[in-house]
Amino acid sequence: ARTPLMSHHVFRFSIIGCSNCCMSPYSSDFGIIALYKPEVINEGCIKCEACLFPCIENAIDLEGDKPVIDYDKCMMCGGCETVCKKDIIHTGEMGYKVVVGGTGSRHPKIAVTAAEFTDVQGVLSVVEKGIALVKEKTKDKEMSFHQVIENFGVESLKI
């Protein structure tokens, strides 16, 4: 016999508009993080260096006649875009990172990445796959979502 639905039997979703994740989506069942991929226009940079200061990852260099963004370091937070005095840096593409399987419970777990950069349909796909995985794997026993991810992995949720 299964236990009745209790107040602590919930899916926790965190949706955050900044990739710095001050309110951590990494401790939720599903975390959805907005990303703003910066692009650089080729002309007009005055080398004011304003774009360097909000970038805590040091992903921007002022080489030649325009800023150069190291996308391996870039957190896609949009900070550089908001301070650029000449609109040389702007959002080229917006997307979402989806993380799953986190919990802040007695045994904390950090969520793992199911989608690195996707659109709304990709987010919904990960959520649907996650719910289907829970239904499939918890038919005969009670298990939290983070336990399902820990035991069966995130691969089946990836898009």
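Reader: Why is E116 called exposed?
Author: The relative accessibility of E116 is 53%, and exposed means over 50%, buried under 20%, and partly exposed in between (1.4 Å probe, protein chains only), so E116 counts as exposed. Please keep in mind that this is a predicted model, where local features need pLDDT of at least 70, side-chain atom pairs count only at pLDDT 80 or more, and totals for chains, interfaces and linings use all residues. Residues are numbered from 1 along each chain as its sequence is written, and side-chain values use heavy atoms, leaving out hydrogens and water.

Reader: What makes E116 and K97 a salt bridge?
Author: Their closest N and O atoms are 3.7 Å apart. A salt bridge needs a side-chain nitrogen of Lys or Arg within 4 Å of a carboxyl oxygen of Asp or Glu, so the pair qualifies.

Reader: Why is it said that this pair ties parts together?
Author: E116 lies in strand β6 (residues 112–118) and K97 in strand β5 (residues 89–100), so the pair ties together parts 19 residues apart in sequence. Strands here are DSSP runs of E with at least two residues, while helices are runs of H or I with at least four, numbered from the N terminus.

Reader: Is K97 buried or exposed?
Author: Buried: K97 has a relative accessible area of 16%, which means that K97 falls under the 20% limit.

Reader: How do you know that K109 and E150 form a salt bridge?
Author: Their closest N and O atoms lie 3.4 Å apart, so they meet the salt-bridge limit too. K109 sits in the loop between β5 and β6, and E150 in helix α3 (residues 145–152), 41 residues apart.
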